[in-house]
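Work through the two exercises below. Try each task before reading its solution.

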Amino acid sequence: MSLSCSVMILLLTAGCIRNDIPYPRIQQNIITLVAEGQQRAASINSERNEVTVYLDETVDIQSVKFSEYTYSEGAESTPNLGEGRYNLSSPIIVTLHKYYDYDWTVKAEQTIERYFSVEGQIGESVIDVIAKRVIITMPEGTDLRNLTLDRVKLGPAGITTMSPDLTPGKIDLSYPLRVAVECFGRTDYWTIYVELSELVVSTSRVDPWSEVVWAYGDGPSDVKNGFQYREASSSEWIDVPMGLVTQVQGAFSCYIPHLKPLTEYVVRAVSGKDYGNEVRVTTEATAVLPDGDFENWCQIGKVIFPYAEGGEQFWDSGNTGSATLGPNLTVPSDHTPTGSGKSAECTTKFVGIASIGKLGAGSLFTGSFRKVDGTNGILDFGRPWNLRPTKLRGYFQYKAKNIDYVSTELAALKGRPDTCIVYIALTDWTAPYEIRTNPKNRILFDKDAPYVIGYGQMQYSGTMDDFSEFEIDVKYKDTAKVPSYIQITCATSKYGDYFTGGNGSVLWVDQFSLGWDLTE
């Protein structure tokens, strides 16, 4: 066979060879997304492939422009979020391409403050955004032709016009009033109604906690309204101090402190000589925070854990991750506020060999370290909890180093003193919340997320000579919501999740406990 024929056969044979090696399936993520006029940073969930942007009320939700976006390296998107404007009144699908397609949902949340009130109305007006109507409750016998409008706002501030042009002053609501509300070149038609009520004052809701009760009422807006309460076993009514009552027009509320747990109380709203309906409630129990004294520790293999061997685990740390490359960053310490027992010592330290490794921040958290993801961690945040504490108390001492390790997004912090953080959150999670520190699919805790019911935090930057007592107030979004999980986190470097901090910063914490009362 000639050489030319051999070459020809080889080429024909090569043409029949197929490349059956599949492309790798690597999750492609939206890393950052910034909308013009956003209120706060977008929430990015790479587990659900979902981004939520939070828009100021003056942004047209039907014409949103993105000023910044980044994807996983090498990924492209359809549509291109850097071009054009997007209608986010309903979610849109963004597809990332790199060998395969990965669909992401991008949606927006926007809260527009609206109100409409007249003098003497009972309670707050009902603002029905879907039906585009306002319902006002007035006492029987009110002359609806001669009402006084206190204030009105039915659209975004500064860019909304109304026809007729409603301003504070006299208004006739003896018949439904139709109002054209124009904004962003679109017009909605609202209707203002009045309902008459024989009831002057009512107790609309009472939310019992452990040592505090929250009460809500509706009454005339032009008088001071309040509340009374008593133990169910007593006939003596006690006036709630007016300093604890908040009134906005005809809606008013209060908190009643210094109550007994697991005790039945009766609460009623009061307006002048009129009394509202009586509501009976029973306060909740209190509970001790498990292992809040940090006396119990154990070591399994190379890893030190903040609980007794064989005991119930309530707390965990990042030691499972740091010990794969070197030291435990959270350890028991004999340095305590009282000079006896144990505290938890958390240290920020570069973990690795020579230049191979990364900065690790010592931490404690309620939950468990699930597994190592390369040099990153996957954690389960939260422990089941259904009570509503008002405070987190404890002792801490901090010695900050200047930040010498930074991530790309936090490069501007280099050289500044490190900052420690302790926070408590009550959430409505249905299961432990997965945390991922890998920048490629990062999921972190977001204190502003809808799943947070109550939150409080303490931060400190500097060097302390000794322990100091702290008290963190927990602020709740809604006094009626009951949590399902509690999350407490302590970290020696606030931005440790971004591998940013000061090598050598140290945080000691001890004697954590929960408070259940509010002060007057």
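**Exercise 1.** What volume does the second largest pocket have?

*Solution.* The model is predicted, so local features need pLDDT of at least 70, side-chain atom pairs count only at pLDDT 80 or more, and totals for chains, interfaces and linings use all residues. Residues are numbered from 1 along each chain as its sequence is written, and side-chain values use heavy atoms, without hydrogens and water.

Step 1. The second largest pocket has a volume of about 410 Å³. A pocket is an open set of points on a 1 Å grid over the protein atoms alone, where a 1.4 Å probe fits, with protein on both sides within 12 Å along at least five of seven lines. The volume is the space filled by probe spheres set on the points.

Step 2. Its lining has 21 residues; Ile 112, Arg 114, Phe 184, Arg 186 and Asp 188 are the closest to the centre. Lining residues have an atom within 4 Å of a point.

Step 3. Sort the lining: 10 residues are nonpolar, 5 polar and 6 charged.

Step 4. Strand 15 (186-197) and strand 14 (177-183) each give at least two lining residues. Strand 15 gives the largest share, 4 residues. Strands are DSSP runs of E, at least two residues long, numbered from the N terminus.

**Exercise 2.** Is Gln 228 buried or exposed? Find its side-chain polar partners.

*Solution.* Step 1. Locate Gln 228 in strand 18 (residues 225-231).

Step 1. Gln 228 is buried, because its relative accessible area is 10%, and buried means under 20% (1.4 Å probe, protein chains only).

Step 2. One partner is the side chain of Asp 239, at 2.8 Å. Another is the side chain of Arg 268, at 2.7 Å.

Terms used
Buried means under 20% relative accessible area, exposed over 50%, partly exposed in between (1.4 Å probe, protein chains only). A polar contact is a pair of N or O atoms within 3.5 Å; within protein, one must be able to donate a hydrogen and the other to accept it, and residues adjacent in sequence count only if both atoms are side-chain atoms. Ala, Val, Leu, Ile, Met, Phe, Trp, Tyr, Cys and Pro count as nonpolar, Asp, Glu, Lys and Arg as charged, and the others, Gly among them, as polar.
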